[in-house]
Each structure stands twice: as C-alpha cells, then as structure tokens.
Amino acid sequence: MSKRHVMLIAATALALIAGGCASKPDGGGEWKTFEQDEQASLKVMYWDEQSFHEDYGNLFKSYYPNVEFEVIGLPVGSDPSLTVTELYNRHIEENRPDILFVDKHRWLESHTCGLQATSGKMRLHIAHAFRQLLEHYKSIGLGGRVVFTCYEWHVEDRRNTEYLMEIVQEMGYDACYVPLSELEIVRGEGLYSEGERIPVLYRLYPLEYLVNDESEDTEDRIGEWMLELVEEGKLGLINPAQSILTQSKGFMALIWSLYERHEEASDLLGEPLYTDQQLEAIQQYLLPTYYNPALFIQQGQAYVAKGYWGREGKGTSLFDEAGQLTEAEWGQSEEDSREDIQNYYGNQPLIYQLRCQMENVQVHTEDGPFSGYLLTGVYVIGGQYSGLLPRVGGRITGDMAYYCPAAFPIYMKEEH
C-alpha cells in the first residue's frame, strides 16, 4: 500500500465524503484527489477508536473501501503546566492527524463542561440521506440541478431550506433556491424556473397543502399537476410523495391497532408482522392510539385528540377522565387568522391517544425563568438517530414553546 496522507487539518467528515479524498504524493508536489478504488491511508482524530468505527466506519467503508483509517483518540488526563488549549495543540503536534473529526472548540467544550451535543452527526446523516435520494433520481434519468423551495417570506423556513441546500452544494451537486411563487408548471411536461426544467425539487412545504393548491388566476389544480409529474417520472420530490404515509398521525393508530392484533395479523400474513425488537419498542414508546375515543371513555381514562396533519399543537384537544374537553390549542402566531386555523385543523380526521403527563420543568429564558412542560422530539434521518429537539411549553406544546438545549455526558453513548 502506498502511504499517502491527507494534509487537511480541521477538514470535516462531510467534505471527505462529498468531494473525494485529497492526497499529496510523497515528497511534495501538486495536490490531487485519489479515487474510491485507490489504496491509501488516513490518520484521523476522533473521541476514541471504537466510537469512530461505530459512528462512521461503515459509512466511509461504503464510499472508500480501500482506505485504511488509523484512529487517534482525543487527549485524556491533564497537565498542570498546560492550559487545555495547549494540551490539545500538543496532542495534535505529537500525533499529526490528517483529519480532525472533532475540532478544538468541541473538545474544549466537552473537556470543560463534561458534555457533548446530542446532534453531532446530524449534518453527516443529512448529507448521506440526500446523496442516496439524488443518486437514485439520477439513476432513473432525473439528474441535474436540485431546486430548493419554500415560502420566501417565512424566515425560519427559508433559513432551514438554505441550510439543507448548503449541505447538498458542499457535496458537489448543482443546487439553488427558488421561492415557491416563482415555480412554473406545465401540465404533463415539467416544472420550471426561468424557463429551465427542474428535475428534482426539495420542498419545505406540506404535501397535504400541495394536493389542494390551485392557481390564483385560473383556479387550475396545479398541486395535482405536480403530483402527476411525479407519477409520470418527470419530477423527483424530496421528501418523496410516499412520505405522507408516515407523516400522518393516523399511521400511529394503524401501528397500535396491528400491535394489539399482532397474533391475528401474523397468522394472516403467514409470518410475524413485527419483530420482537419492534414489539418491545412499540410497547415502550408508543401511546395507545385509536381512531375513536370509545375505549378511553368506557375505561374512564383521560385522552388527547389530534388532527392527522396537526402542527405545533394546532387542533389538539385535551379531555379528562369523564370525556370532558379541558383545553384546546389553535396557535398564537399571527400568520393566519384564528378562523382559518380552526377551519383547517378542526375539520381534519382525528386520532385519540392516552393522555400522558409531561414533566414540569423550569428553564432560563431571555425574559427570566419560565415554568412549562418538557416535550422531547427525536430526529431520525435515514433510519438513524440524529439528535434531540426538546421544547418547553404548555400542556399542549404550541407554536410559542421554547426550544431547549440538550447535551449528553461525554461518557454516555448517544443510543443510551
């Protein structure tokens, strides 16, 4: 094996995957990129060797099967004569890693606080998921520019969309942002921006909105036209159209129904519907969920009603043990009128869940201490845990809830 090392101090894992591995021939010379099938070795610095192989080993091996990785762990212990920054720099100098998967600021943060971020691998997982989708679309003839879109006036949506676009651009794909209002559709032909056909569209825009979209001028069913393009293989959507199945809260009621009737469903299929691991996960994490509240009322249990397409608590109602409504949430933002919100969310089909008391916590905010209820969301990207999103708000977590930072002790693995 030729020993050719990357001299990319502070490069990221994402850059390595995205653009290929850069190398410099022994003895100097011009920088160049080695190919996926070329033999090479890299010295990387990460928390420890086991964590690197668990977190990134399989992913890198899938892209660069002929690259040998030597893992250098982070500095441990302390030296009274050195500051933590000096200790880190000395460790770098002594080991001379080619790539730092954990930069100085993250190590200092963990060394001084004993904490690590809960979403450290999120960006890498996003990149991997986009690459899989884009390569799939390319294989069926939908290669080329990727257009990212959302409401241009919605600051949060616009920034989130641009963040994802930047990740895709870093991987070397041609990507750009186009506001929703500037997209043009020709029925049966394609989706366009300034006369250029769009092969793949990322939309931070609900699919259930899109289905009912009409042209303001002609009342043409442009949402249906777009889905026709997808069906005909003339447009790739991210997320794909079928993601609406798992997006619907009605899907949770289906999962629970099949869980309660697992033996019958398995007999019908001729094989187990759920694995033992899935059965355990459903029992531990999913609340009893039904398409009507009859069982809760019969058993005198408090329950929650939620719309299939509810967002930020809108259209969610709390009921007590007697089946009496005690609280409902319709949002506090000023983007839509209360009447419009109630008409949209109040007319959706509902699921009913056993009511579970959330933990009451107090957090520090810009306006002083705030007492509320903690709801912990989990990011799952490409089937992998990718981070936590705790929010603190009312009994129903609404659009004015506070985002809450989260971290793990450095000795705890994320899956625990």
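Axes here are lines fitted to C-alpha atoms, for helices over the stretch in contact, and the angles between them run from 0 to 180 degrees between N-to-C directions. In this predicted model, helix α10 (residues 250–260) and helix α12 (residues 276–285) pack at an angle of about 115°, and their axes lie 11 Å apart. The crossing of α10 past α12 is left-handed, and the contact between the two helices brings Ile255, Trp256 and Tyr259 of α10 against Leu279, Ile282 and Gln283 of α12.

**The protein as a whole**

The protein has 416 residues, of which 41% count as buried, and its secondary structure consists of 14 helices and 23 strands. Of the contacts between residues at least 6 apart in sequence, 62% join residues that are at least 24 apart. The protein exposes about 23700 Å², and carbon and sulfur atoms supply 50% of that area.

Strand β3 (residues 40–46) is largely enclosed by the rest of the structure, because seven of its seven residues are buried. In a regular strand the side chains alternate between the two faces of the sheet. In β3, Ala40, Leu42, Val44 and Tyr46 point one way while Ser41, Lys43 and Met45 point the other way, and all of these residues are buried. With strand β4 (residues 67–73), β3 pairs in the parallel sense over seven bridges, and Lys43 stands opposite Glu70 in β4. Strand β5 (residues 99–100) also runs parallel to β3 and is joined to it by two bridges, with Met45 standing opposite Leu100 in β5.

**The open sheet β9-β10-β11**

Three strands form an open sheet in the order β9-β10-β11, with antiparallel pairing; β9 (184–186) and β11 (196–197) are the edge strands, each of which pairs on one side only. Strand β10 (residues 190–193) is joined to β11 by two bridges, and Tyr192 stands opposite Arg197 in β11. Helix α8 (residues 222–231) lies across β9 and β10, running at about 65° to β9.

**Helix α6**

Helix α6 (residues 155–170) has 16 residues and reaches 22 Å from its first C-alpha to its last, close to the 22 Å expected at 1.5 Å a residue. Its buried residues are Asp157, Thr161, Glu162, Leu164, Met165, Ile167 and Val168. An α-helix has 3.6 residues a turn, so residues three or four places apart point the same way. Gly172 follows α6 and has a positive phi, near 95°.

**Backbone geometry in the loops**

Most residues other than glycine have a negative phi, and most peptide bonds are trans.

Elsewhere, a cis peptide bond joins Ile238 and Asn239, with omega about -5°, and Asn239 has its place in the loop between β13 (236–238) and α9 (244–247).

Notes
Residues are numbered from 1 along each chain as its sequence is written. This is a predicted model: local features need pLDDT of at least 70, side-chain atom pairs count only at pLDDT 80 or more; totals for chains, interfaces and linings use all residues. Side-chain values use heavy atoms; hydrogens and water are left out. Two strands pair if DSSP finds at least two bridges between them. Helices (H or I, at least four residues) and strands (E, at least two) are DSSP runs, numbered from the N terminus. Contact means heavy atoms within 4.5 Å. Buried means under 20% relative accessible area, exposed over 50%, partly exposed in between (1.4 Å probe, protein chains only). Accessible areas come from the Shrake-Rupley method with a 1.4 Å probe; for residues, only the protein chains shown count as cover. The expected span of a helix is 1.5 Å times one less than its number of residues. A crossing is left-handed if the near helix is turned anticlockwise from the far one by less than a right angle, and right-handed if clockwise.
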